[in-house]
Amino acid sequence: MQDALALAKKGLSWTFPNPMVGAALVKNGKIVGKGYHKKVGFAHAEVVAIRLSKTNLSGATLYVNLEPCIHYGRTPPCVDAIIFSGIKKVVCSVFDPNPKVAGKGVEKLKEAGIEVSVGVLEEEAKKLNETFFTFYTKKRPFVAIKFAASLDGKIATKTGDSKWITNEKVREYSRTLRGHYQAVLVGVNTVIADDPHLGVRQKGKRDPVRIILDSTLRIPLSSRVLRDNNVIVATTEKANKRKRKQLEEMGITILTVGASTVSIQKLLEVLARLEIISILVEGGGKTIGSFVDANLVDKVYAFHAPIIIGGEKAVSSVGGKGFSTIREALHLKDVTFRRFGDMILTTGYV
């Protein structure tokens, strides 16, 4: 099963909105076939392993980190291929949370006379696909927020200067982190101030969908985030109609999710319908604060640099209304710490 999990990770950034899945076939104590889900629309891990196996699979055992699917989606059901292959036993880590599967795959395998075991390395499997599981249990995208701040919680000085709070190691890691999420989101003020790229910029990794919150469509048409049409702009009924037409002519998807301000709740509902299962919110402080205020945060990545900026007018890492009491504040669980040179990353779940 550890082999299956390692194989699954190879699909990182390419399988969205599908989960990362790996499979290993064992016969007579030897691995006779391996496979993983390479890309959405491509064959699933179980089918790949069966196809690549060069032996008779009658009596073999299949190890897979997620329950085999039973429905016709972008590809045919995996359970049919498993049954046809002659495999006698299936060991999977966890049931699929997708209601189209959710135990039905295991049930059909058992009805076909195949022995099925569920629960091997279950926690590791859920962790690997935490965004996928959240999407189906909470009926919305998994939301992670990320910011880099001074020790006093500032992401920019009173003049707006922010280059560079982070060191090169953190910037490299942050680009890598984008590949773990289907979409990356920022507010239009960040686009105007920094003109960010918001891509992974690594060979073999796919850039996430770029989502921009822009209530009135102030985004410059020359912005780097608009370099292709892999972009969603969330706006309101107050949006500039001429600018909207220009963006649509560029192939940009425009979502109206509010009367005068972007509704985070409504935005996530619409993104869920578009099968966006995970979002990394990168800034700025006001945008991050809007997710915190809406209580729509699942995970936090907080980098802190050994500097103090000070000043009442300096930009805070998390804006918004905030909480009235310490008891109400977001308290992180399963917290871990990691060092990047002189910077510390705190990661935790809400």
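Analyst: Helices (H or I, at least four residues) and strands (E, at least two) are DSSP runs, numbered from the N terminus. This is a predicted model, in which local features need pLDDT of at least 70 and side-chain atom pairs count only at pLDDT 80 or more, while totals for chains, interfaces and linings use all residues. Residues are numbered from 1 along each chain as its sequence is written, and side-chain values use heavy atoms, with hydrogens and water left out.

User: Which helices and strands each supply at least two residues of the lining of the second largest pocket?

Analyst: A pocket is found on a 1 Å grid over the protein atoms alone, as an open set of points where a 1.4 Å probe fits, with protein on both sides within 12 Å along at least five of seven lines, and lining residues have an atom within 4 Å of a point. The second largest pocket holds about 560 Å³ of space, a volume being the space filled by probe spheres set on grid points that are joined across faces, edges and corners. Its lining has 25 residues, of which K127, E130, H180, K299 and Y301 are the closest to the centre. The elements that each supply at least two of the lining residues are α5 (122–128), α6, α7, β13 (299–304), β15 (333–340) and β16 (343–349).

User: How many residues of that lining are nonpolar, polar and charged?

Analyst: Ala, Val, Leu, Ile, Met, Phe, Trp, Tyr, Cys and Pro count as nonpolar, Asp, Glu, Lys and Arg as charged, and the others, Gly among them, as polar. On that basis, the residues of the lining of the second largest pocket divide into 11 nonpolar, eight polar and six charged.

User: What kind of aromatic pair do F132 and Y136 form?

Analyst: The structure holds eight aromatic pairs, where rings of Phe, Tyr and Trp (its six-membered ring) pair if their centres lie within 6.5 Å, and planes under 30 degrees apart count as stacked, over 60 as edge-to-face and the rest as tilted. F132 and Y136 both belong to helix α6, four residues apart, which is about one turn of the helix. F132 is buried at a relative accessible area of 4%, and Y136 is buried too, at 19%. Because their ring centres are 5.1 Å apart and their planes stand at 70 degrees, the pair is edge-to-face.

User: Is S174 buried or exposed?

Analyst: S174 lies in helix α7 (residues 168–178), and, not counting residues up to four places away in sequence, S174 touches K146 and F303. Because its relative accessibility is 8%, S174 counts as buried.

User: Where is the cis peptide bond from G283 found, and in which loop does G284 lie?

Analyst: Most residues other than glycine have a negative phi, and most peptide bonds are trans. The bond from G283 to G284 is cis, with omega near 0 degrees. G284 is found in the loop between β12 (278–283) and α11.

User: What is the phi of K139?

Analyst: K139 sits in the loop between α6 and β6 (142–149), and K139 is exposed (over 50%), with a relative accessible area of 62%. Although K139 is not a glycine, its phi is positive, at about 60 degrees.

Methods. Buried means under 20% relative accessible area, exposed over 50%, partly exposed in between (1.4 Å probe, protein chains only). Contact means heavy atoms within 4.5 Å.
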